[in-house]
Amino acid sequence: MASSFTLPSHFVPPLFARHSQPLYPVVAVITSPRHRGFQASATAVATELESRGQDNGFLDQKLLSCPICYEPLIRKGPPGLNLPAVYRSGFRCKKCNKSFTSKDGYLDLTVTSGTTEYNEFKPARTELFRSPLVSFLYERGWRQNFIRSGFPGLDEEFKMAQEYFTSVFGGVLVDVSCGSGLFSRKFAALGAYSAVIALDFSENMLRQCNEFITQDASLLAKNLALVRADVSRLPFASGSIDAVHAGAALHCWPSPSNAIAEISRILRSGGVFVATTFLSSPVNSPFSAGELRPLRRLFGQVTNSYSYFTEKEIEDLCKSCGLINYSAKVQRSFIMFSAQKP
């Protein structure tokens, strides 16, 4: 059965509303399966964005911010958030008198960017993904093995995420803890977002992402930028981002509460957060239930293991960080959850 899709006459993608108007939902009349429905929505918005042209000047203004003071960065260089434009640009915080560059193929917006002597190490679960070997293997078998724990497969996971993001098509999406950019590239190729920012703390993951992007000429023309940043210190203005995605990442974060609080801060009203992770189970978290539960914190500190949570804990954390409309889909140890900024 053919699918029919209509946009309301007043529809303006968030980019063109200059982020001063409420998000206009993509209204769809879908008579075919759900995945074809979201594809119709994405195609319609992509066509609208292409017909109006990407407002690169606006994308530059008050989006990227200093990770120290959160003041907007001053940019010198060609406009746009595509890889070549960002690479040829310099960024500076006037207030902190600190400069940021993208000499390694990604824009380093960490607090420690530019330091020559100071070196800081994260917990082992975070440092693991800074390894060149793990970064190389991540998309070459590592991530695909998650299906054993209930993850539905990369294509299905992407489609599931898009269903949550339909209301913010046309806006700016940040893919935090993007790894090698597996989903970042999919989001950019879809064409339904005014810009996609692939963000990770791992230098080697971002280099791997850069390598994949440069092998695809079509992606080089997209507003797809690579940014190195700490998920607990996101370099974006408050209320400036329409969508945040975090694929299989929450269990790796040093402080999930700080990270989700930051995500809540940067989301604009109506913005959507979608994430996947592993739920706690007797296999990955022996002290996850019953009377042994109080020992979980001590066990994690001793082993420096990943942080696995129950669905109720994740929902509670999202609400504690000011997010609403929580919903989730669970399959064995896999969970995809979504929440929205009021």
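## The loop at Arg332

Arginine 332 sits in the loop between E10 and E11 (strands, E, are DSSP runs of at least two residues and helices, H or I, of at least four, numbered from the N terminus). Arginine 332 is not a glycine, yet has a positive phi of about 55°. Most residues other than glycine have a negative phi. With a relative accessible area of 56%, arginine 332 is exposed (exposed is over 50%, buried is under 20%, and partly exposed is in between, using a 1.4 Å probe and protein chains only).

A quick word on the model: it is predicted, so local features need pLDDT of at least 70 and side-chain atom pairs count only at pLDDT 80 or more, while totals for chains, interfaces and linings use all residues. Residues are numbered from 1 along each chain as its sequence is written, and side-chain values use heavy atoms, leaving out hydrogens and water.

## Another positive phi

Asparagine 97 also isn't a glycine, and its phi is positive, near 55°. You'll find asparagine 97 in the loop between strand E2 (90–93) and strand E3 (98–100). Its relative accessible area is 63%, so asparagine 97 is exposed.

## Aromatic pairs

Rings of Phe, Tyr and Trp (its six-membered ring) pair if their centres lie within 6.5 Å; planes under 30 degrees apart are stacked, over 60 edge-to-face, and the rest tilted. That gives 15 aromatic pairs. One of them joins tyrosine 306 and tyrosine 308, a tilted pair with 6.2 Å centre to centre and 55° between the planes. Tyrosine 306 is partly exposed at 27% relative accessibility, whereas tyrosine 308 is buried at 14%.

Tyrosine 326 and phenylalanine 337 have ring centres 6.1 Å apart and planes at 25°, so this pair is stacked. The pair links distant parts of the chain, 11 residues apart: tyrosine 326 is in strand E10 (residues 324–331) and phenylalanine 337 in strand E11 (residues 334–340). Both residues are buried. Elsewhere, ring pairs tie Phe146, Phe151, Phe278, Tyr306, Tyr308 and Phe334 into a cluster.

## Arginines over rings

For a charge to sit over a ring, NZ of Lys or CZ of Arg must be within 6 Å of the ring centre and within 35 degrees of the ring normal. Arginine 265 has its charged end over the ring of tyrosine 70, 3.9 Å from the centre. Arginine 228 lies over the face of phenylalanine 201, at 4.4 Å from the ring centre.

## Around Phe136

Phenylalanine 136 belongs to helix H5 (residues 132–142), and its 41% relative accessibility makes it partly exposed.
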